[in-house]
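Please read this report with the model open beside you.

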There are 2 protein chains.
Amino acid sequence: MGKGTLHRLEPRIYNYTFGPNDPALTVKSGDTVVAPTRDAGGFNEKMEPMPEEMKQHSVSTLLCERNPQVGPVYVDGAEPGDTLAVTIQRIKLNRDYAWSRHRSHFGSLTGESPGKQLFLNDPIPEAKFDWQLDLKKNTGTLELKSSRQKRIEIPLHPFLGSIGVAPRFGRIETSLVPGEFGGNMDCIETREGTVLYLPVWVRGAYFSFGDVHAAQGDGELCGVALETTAEVTVKLDVVKGKSIDWPRLEDETHIMTTGSGQPLMDCVRIATVELVKWLVDDYSFEKWEAFQVISQVGTFRIGNVVDPNYTVVAKFPKKYLPA
Amino acid sequence: MGKGTLHRLEPRIYNYTFGPNDPALTVKSGDTVVAPTRDAGGFNEKMEPMPEEMKQHSVSTLLCERNPQVGPVYVDGAEPGDTLAVTIQRIKLNRDYAWSRHRSHFGSLTGESPGKQLFLNDPIPEAKFDWQLDLKKNTGTLELKSSRQKRIEIPLHPFLGSIGVAPRFGRIETSLVPGEFGGNMDCIETREGTVLYLPVWVRGAYFSFGDVHAAQGDGELCGVALETTAEVTVKLDVVKGKSIDWPRLEDETHIMTTGSGQPLMDCVRIATVELVKWLVDDYSFEKWEAFQVISQVGTFRIGNVVDPNYTVVAKFPKKYLPA
């Protein structure tokens, strides 16, 4: 693959969709891209809102202006049936502030969303939460004015809420949705040091990322994490002729598969089947022995239960892989 | 509560239901019970099958002979509206062998079960897996005859698959089902050192336990864990006038709530709402600040996705509780 070129990308447009949008940059396999993200609301590292001219616009519809994405990056030589290996080299937080909020018809405690109201009881009250980030100590602090516990300080673990490629079958998906193309998985595993494997569905892959979270619990229950910005560095490698059906991840200790969809149980099933397939195809496990071992040592993490599709990550410890 | 009495219980009957069965023992609040469990198939620590005379029988129906339970223990003074605090003091494995298996119409990859066949494709092939337990090293070993990884050795973490009281509203439930009464939650958290809080629905509580697992992954995917036996010691304390709606747990690091049901998302929701209520009622959190904090530092564990109800455990780190 060679050493590759380092590209600094200063986005002129941030996109609200995953799909074959105009490429912001074309790279070769082995290249590295560094770029600043905007937060889920479009604010930059100085808390300046997104200028109109930097927003993706459509001639035919109003886009949902959430989770603006850096990119897409067109990866030369990436063809349908290949895999794009994305090494998340660095997520350098660059703002001492993150927001979270409760939206009336959004989050895990309601199946509601704009255009889909199900309940007659009062909605969740709107609320905004200002988290102060100490980037030196790597902590976030929230004042809890109405609770006996007046203040909470938590460790940060920055990750990319959204990261993906153009979907298959010619689909275009909003940056709020996770799926077989990655997207808004909201999984803490897409952090520094992780290699994310994405299926290539469209020539050039059209790789995008954004929506940095400084921290988040399992499931992103309230629908919103510690929303902030970062300078992000990713290395892109095309694995020719290797085809996968769903995003996979790898870090120092685990190989991991993802499943996105509804109901939540289907996420568990997809991730399980993908994990069995991975152990069989790449590690010479017999299928049912793989299933048995996963049943006893595998773990799941619920990435989100608030997006239009939920996401679950299934994990298998590398220490049980053949040498 | 006083020091309490230690009762050694040598069961004459093992029950296949949670409900007001004939008490095996009556204790007072503060007492401790130690008893041997049978494995999920009814075998004892010598792998001897259950004699007919030790099985629960019904005059009117055939019971499902799985997960035989020790008890019930009638707790004097426990009344509906109280809480039973169960301190799991010891789970002493006493067999060097555990079995697991794949059943054709059972487990996470099928919604099928006896009497509920949904698919025309071939069922999962039947398979049995013999795990050798080294109780000194606290490890389990499985030979993988058909995989390149010929053998797997994993650490053991014994826990009670089933533990609960008689259900509410006069219901009787089988020992395969988890619910508001505890039951077959298959959660790794019901292990040594955990305090399990169970709602008392029926005078005397009718506390039972069994189905020891030597180890298990999240979700108990194949439907079966490392099934074995143990000598179990539990201390029972009645918390008078304290009423809860679902089982709760506490260990050194976390307070935890459970939700059991289907779909899986409802387990997440129940456990979340219960966790918010706990933080509000006992730790003086304001409701929406509690929800925000749980959203950012709370975690979930999927106990099982194979029982007639699934179970999820929501966890909140004690370090964020007021002093």
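## Charged pairs in chain A

A:Arg101 is partly exposed, with a relative accessible area of 25%, where buried means under 20% relative accessible area, exposed over 50%, and partly exposed in between (1.4 Å probe, protein chains only). Its side chain meets that of A:Glu126 in a salt bridge, at 3.7 Å from N to O, a salt bridge being a side-chain nitrogen of Lys or Arg within 4 Å of a carboxyl oxygen of Asp or Glu. Because A:Arg101 lies in strand β7 (residues 97-102) of chain A and A:Glu126 in the loop between β7 and β8 (127-134), the pair ties together parts that are 25 residues apart in sequence; strands (E, at least two residues) and helices (H or I, at least four) are DSSP runs, numbered from the N terminus. A:Glu126 is partly exposed too, with a relative accessible area of 46%.

This is a predicted model, in which local features need pLDDT of at least 70 and side-chain atom pairs count only at pLDDT 80 or more, while totals for chains, interfaces and linings use all residues. Residues are numbered from 1 along each chain as its sequence is written, chains are lettered from A and ligands numbered from 1 in the order in which they are written, and side-chain values use heavy atoms, with hydrogens and water left out.

## Further salt bridges

Side chains of opposite charge can pair when their charged atoms come close. The structure holds 50 salt bridges over all chains, and one of them joins A:Lys55 to A:Glu65, with the closest N and O atoms 3.0 Å apart. Both residues of that pair lie in the loop between β4 (32-36) and β5 (69-76) of chain A, 10 residues apart. A:Lys55 is buried, with a relative accessible area of 13%, whereas A:Glu65 is partly exposed at 35%.

The side chains of A:Asp218 and A:Arg301 also meet in a salt bridge, at 2.3 Å from N to O. A:Asp218 lies in the loop between β16 (207-213) and β17 (230-239) of chain A and A:Arg301 in strand β20, so this pair ties together parts that are 83 residues apart in sequence. Both A:Asp218 and A:Arg301 are buried.

## A nonpolar core and a buried loop residue

The largest nonpolar core has 175 residues, and those with the most contacts inside it are A:Leu84, A:Phe207, B:Leu84 and B:Phe207. Such a core is a set of buried Ala, Val, Leu, Ile, Met, Phe, Trp, Tyr and Cys residues joined through side-chain atoms within 4.5 Å. Leaving aside neighbours within four places in sequence, A:Leu84 is in contact (heavy atoms within 4.5 Å) with residues including A:Val75, A:Leu198, A:Phe207 and A:Val238.

Is A:Val306 buried or exposed? This residue lies in the loop between β20 (299-304) and β21 (310-317) of chain A, and it counts as buried because its relative accessibility is 9%. Not counting residues up to four places away in sequence, A:Val306 touches several residues, among them A:Phe106, A:Gly219 and A:Leu221.

## Where the two chains meet

In the model, 60 residues of chain B are in contact with 60 residues of chain A. The two chains bury about 5,400 Å² between them, 65% of it on carbon and sulfur atoms, where buried area is the accessible area (1.4 Å probe) that two parts lose on being put together, summed over both. The count of salt bridges between chain B and chain A is 0.
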